[in-house]
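Keep the viewer open as you read.

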Amino acid sequence: MIKRIIYKAKNIYEIPLDFYKDGGFTNILFDFDNTIDSYKAKRLNYKFLELTKNLNDLGIKTYVVSNGAKKRLNLIFNSASETIKYASKLFKPLAKRFDQFILKNKIDLSKTLYIGDQFMTDYLLSRKRNISFILCDRLTNEDQLSTKINRIFERRFLKSSKTIIKDYKEIVNG
């Protein structure tokens, strides 16, 4: 029986900066909705801006990869004082648009960590591309209908005997 190992964290804000550096990560890909903020957010929150600034100060590049609507994400990211590279409407877990974003930004996936809140989109895409992945708890209980449906399947996978859930620190220590 093939086992699926999933590394978990409560949220992106609990992960200490030295974890990224000690892990040798030079790029971090963040999902947006319910990983960075609610899918109803209209601007970037201060905690995320501070996190990306601190990671950039360590020489770690940050990107946002989202299935969210282009118009909404353009408004959110264009209002930010920081320049954060992002991609919208990716149709994750399909990889075509994701791969285009990776190539355009010359991202080395072997030194990349992907953090997201959904098994059915974020985890499956990271697995297709062999990217280290951390599954976070969702930040809010608000989800779009398509996400609610995905979460039903997600619960089944996470409860499966084929799934092993480990603490995110084990990516570096384990």
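**Starting inside helix H5**

In H5, the buried residues are Phe119, Met120, Thr121, Asp122, Tyr123, Leu125 and Ser126. Here "buried" means under 20% relative accessible area, "exposed" means over 50%, and "partly exposed" covers what lies in between, using a 1.4 Å probe and protein chains only. Helix H5 spans residues 119-128, and because 7 of its 10 residues are buried, it is largely enclosed by the rest of the structure. After H5 comes asparagine 130, which has a positive phi, near 55°. Helices (H or I, at least four residues) and strands (E, at least two) are DSSP runs, numbered from the N terminus.

A word on the ground rules: this is a predicted model, in which local features need pLDDT of at least 70 and side-chain atom pairs count only at pLDDT 80 or more, while totals for chains, interfaces and linings use all residues. Residues are numbered from 1 along each chain as its sequence is written, and side-chain values use heavy atoms, with hydrogens and water left out.

Now move along to helix H6, residues 145-159, which holds isoleucine 149. Isoleucine 149 is partly exposed, because its relative accessible area is 41%. Together with Leu145, Ile152, Phe153 and Phe157, Ile149 makes a nonpolar surface patch of about 460 Å². Accessible areas come from the Shrake-Rupley method with a 1.4 Å probe, and for residues only the protein chains shown count as cover.

Lysine 162 sits in the loop between H6 and strand E7 (163-167). Lysine 162 is partly exposed too, at 40% relative accessible area. From lysine 162 to isoleucine 149 is 13 residues in sequence and 21 Å in space, C-alpha to C-alpha.

Finally, step back to the whole protein. How many helices and strands does the protein have? There are 7 helices and 7 strands. The radius of gyration, taken over C-alpha atoms, is 15 Å, close to the 16 Å that the globule rule (2.2 Å times the number of residues to the power 0.38) gives for 174 residues, so the protein is as compact as a globular protein of that length. Buried residues make up 44% of the 174.

Note on methods: Patch = residues over 30% accessible without salt bridge, like charges linked within 9 Å, V, L, I, M, F, W, Y side chains within 5 Å. Salt bridge = Lys/Arg side-chain N within 4 Å of Asp/Glu carboxyl O.
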